[in-house]
Amino acid sequence: MSRQKIAIIPGDPSGIGPELVAKLLHDDGVQQSADILLVGDAHLWQRGAAQAEMPLALRSIASDQLAEFSGCAHLDLQTISPDDIKIAEVTKAGGTTALRCLDKAMDLAVDGLVDGILFAPFNKAAMTAAGLNAEDEHRYMAQYLGHTGYHGEINVLDNLMTTRVTSHIGLKDVAANITEAGILRAIHLAEDTLKRAGNTRPSIAVAALNPHAGDHGKFGREEIDIITPAIEACQRQQMDVSGPWPSDTVFLKARRGEVDAVVTMYHDQGQIAIKLMGFERGVTVAGGLPIPIATPAHGTAFDIAGQNKANVSAIRQAFDLLLRMAKTHSDNKKSA
């Protein structure tokens with residue numbers, strides 16, 4: 001049986017990304033579970049191996065060999081000079097190499113040469129300095145791929161996923177941006193992503209916006225007028241969706257394993273809970289895109305970059321989840 005082919009890119013070279021990937025490649029079972037293609041400058045991967053104090057023998061292949069690669073291979077790019085890497089600093093050069101490696105990995109996926117992409121943490125300020133022409137990397141990837149459908153960041157902790165109706169907007173603007181259509185998009189994004197990860201019948205809980213779920217309209221009518229109708233619409237489609245649950249208790253249900261996903265109304269409503277439950281294991285999925293793409297949820301960790309202190313747990317969780325998604329993705333392509 002053929003294995004999934006996964007492209008891995010180093011992220012921002014000023015952070016812990018190259019070190020994390022070196023540690024991932026040495027983690028139990030990783031290289032036995034997939035064909036891995038390291039995409040990026042050879043000196044970046046060697047720098048990561050040196051930071052992690054782990055050996056890395058790069059087996060570089062040419063572009064015309066990509067269709068047949070197996071094991072752990074390396075596609076060399078020349079995106080940054082070693083002298084331009086400044087550990088723990090935001091640099092245009094670091095953002096440039098992150099974007100160029102990402103572009104190449106997406107090209108490979110579009111051409112069917114890899115089944116999924118794992119990226120080590122990016123630095124948004126560096127990418128913006130390098131010309132990022134979107135609000136964040138998720139919108140950048142959608143633009144690059146020509147994807148016009150609904151998409152969004154999905155946060156994952158172990159077997160729990162969260163999506164959100166609003167994201168990077170001011171808290172004062174949240175209520176005005178809660179719509180039935182937006183809630184339905186977030187619910188369907190959660191269900192579709194869970195199914196891509198192998199969950200055939202996901203259970204989804206929807207968080208309320210107001211304290212005590214509005215207390216029958218006493219603290220606001222969003223639950224009555226907007227959130228409940230969206231939930232009922234999903235239930236009529238035989239989806240396992242419940243709520244609206246007060247946001248101070250819904251994650252207790254999630255922690256007990258009673259639901260597979262929580263749909264939140266705004267950014268920190270879910271992020272705080274997820275990070276408190278397991279920051280070191282969190283994963284971010286680029287939900288809704290035509291290619292499986294995942295990354296550890298933590299950032300570039302400039303405070304520990306280059307010190308061999310990076311924890312491999314989150315990137316291992318991202319790798320394992322990506323494998324499941326990539327398998328579903330490739331199976332769907334074969335049956336299409």
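## Exercises on a predicted model

Ser242 touches Ile204, Ala205, Val206, Ile231 and Gln235, when residues up to four places away in sequence are not counted; contact here means heavy atoms within 4.5 Å. The model is predicted: local features need pLDDT of at least 70 and side-chain atom pairs pLDDT 80 or more, whereas totals for chains, interfaces and linings use all residues. Residues are numbered from 1 along each chain as its sequence is written, and side-chain values use heavy atoms, with hydrogens and water left out.

**Exercise 1.** Place Ser242 in its secondary structure element, identify its side-chain partner, and describe the peptide bond between Gly243 and Pro244.

*Solution.* 
- Step 1. Ser242 belongs to strand E8, residues 240-245. Helices (H or I, at least four residues) and strands (E, at least two) are DSSP runs numbered from the N terminus.
- Step 2. The side chain of Ser242 is joined to that of Trp245 by a polar contact of 2.9 Å. Such a contact is a pair of N or O atoms within 3.5 Å; within protein, one must be able to donate a hydrogen and the other to accept it, and residues adjacent in sequence count only if both atoms are side-chain atoms.
- Step 3. Pro244 is also found in strand E8. The bond between Gly243 and Pro244 is a cis peptide bond, with omega of about -5°.

**Exercise 2.** Compare the span of helix H10 with its expected value, then list its buried residues and elements that cover them.

*Solution.* 
- Step 1. H10 (residues 267-278) has twelve residues, and the distance from its first C-alpha to its last is 17 Å, close to the 16 Å expected at 1.5 Å a residue. The expected span is 1.5 Å times one less than the number of residues.
- Step 2. Gln269, Gly270, Gln271, Ala273, Ile274 and Gly278 are the buried residues of H10. Buried means under 20% relative accessible area, exposed over 50%, and partly exposed in between (1.4 Å probe, protein chains only).
- Step 3. The cover over these residues includes strands E5 (152-157), E6 (160-164), E7 (203-207) and E9 (261-264), together with helix H9 (250-255).

**Exercise 3.** Classify the packing of helices H1 and H3 by the angle between their axes, and name the residues that meet.

*Solution.* 
- Step 1. The axes of H1 (residues 17-25) and H3 (residues 42-52) come within 7 Å and cross at roughly 75°. Axes are lines fitted to C-alpha atoms, for helices over the stretch in contact, and angles run from 0 to 180 degrees between N-to-C directions.
- Step 2. H1 and H3 are therefore roughly perpendicular to each other. Angles of 65 to 115 degrees fall in this class, those under 35 count as roughly parallel, those over 145 as roughly antiparallel, and the rest as oblique.
- Step 3. From H1, Pro18, Glu19, Val21, Ala22 and Lys23 meet Leu44, Trp45, Gly48, Ala49, Gln51 and Ala52 of H3.

**Exercise 4.** Describe helix H6 from its N-terminal cap, through its buried residues, to the residue just after it.

*Solution.* 
- Step 1. Asp136 caps the N-terminal end of H6, with a side-chain oxygen 3.1 Å from the backbone nitrogen of His138.
- Step 2. Within H6 (residues 137-145), the buried residues are Glu137, His138, Tyr140, Met141, Ala142 and Leu145. Their cover includes helices H4 (92-110) and H5 (124-129), and strands E4 (116-119), E5, E10 (283-287) and E11 (293-296).

**Exercise 5.** Determine how many disulfides the structure holds, and describe the setting of Cys101.

*Solution.* 
- Step 1. Searching the whole structure gives zero disulfides, a disulfide being a pair of cysteine sulfur atoms within 2.5 Å.
- Step 2. For Cys101, the nearest cysteine sulfur is that of Cys72, 15 Å away.
- Step 3. Cys101 is buried, at a relative accessible area of 1%, and Cys234 is buried at 0%.

**Exercise 6.** Characterise the surroundings of Asp35.

*Solution.* 
- Step 1. Asp35 lies in strand E2, residues 35-40, and is buried, with a relative accessible area of 7%.
- Step 2. Its side chain reaches the backbone nitrogen of Gly71 at 2.9 Å.
- Step 3. Beyond its neighbours within four places in sequence, Asp35 is in contact with Arg3, Gln4, Lys5, Ile6, Phe69, Ser70 and Gly71.

**Exercise 7.** Locate Glu53 and Gln238, and state whether each is buried or exposed.

*Solution.* 
- Step 1. Glu53 is in the loop between H3 and strand E3 (72-76). Its phi is near 60°, a positive value in a residue other than glycine, and Glu53 is exposed at 66% relative accessibility.
- Step 2. Gln238 is in the loop between helix H8 (222-236) and E8. Although not a glycine, Gln238 has a positive phi of about 65°, and it is exposed at 59% relative accessibility.
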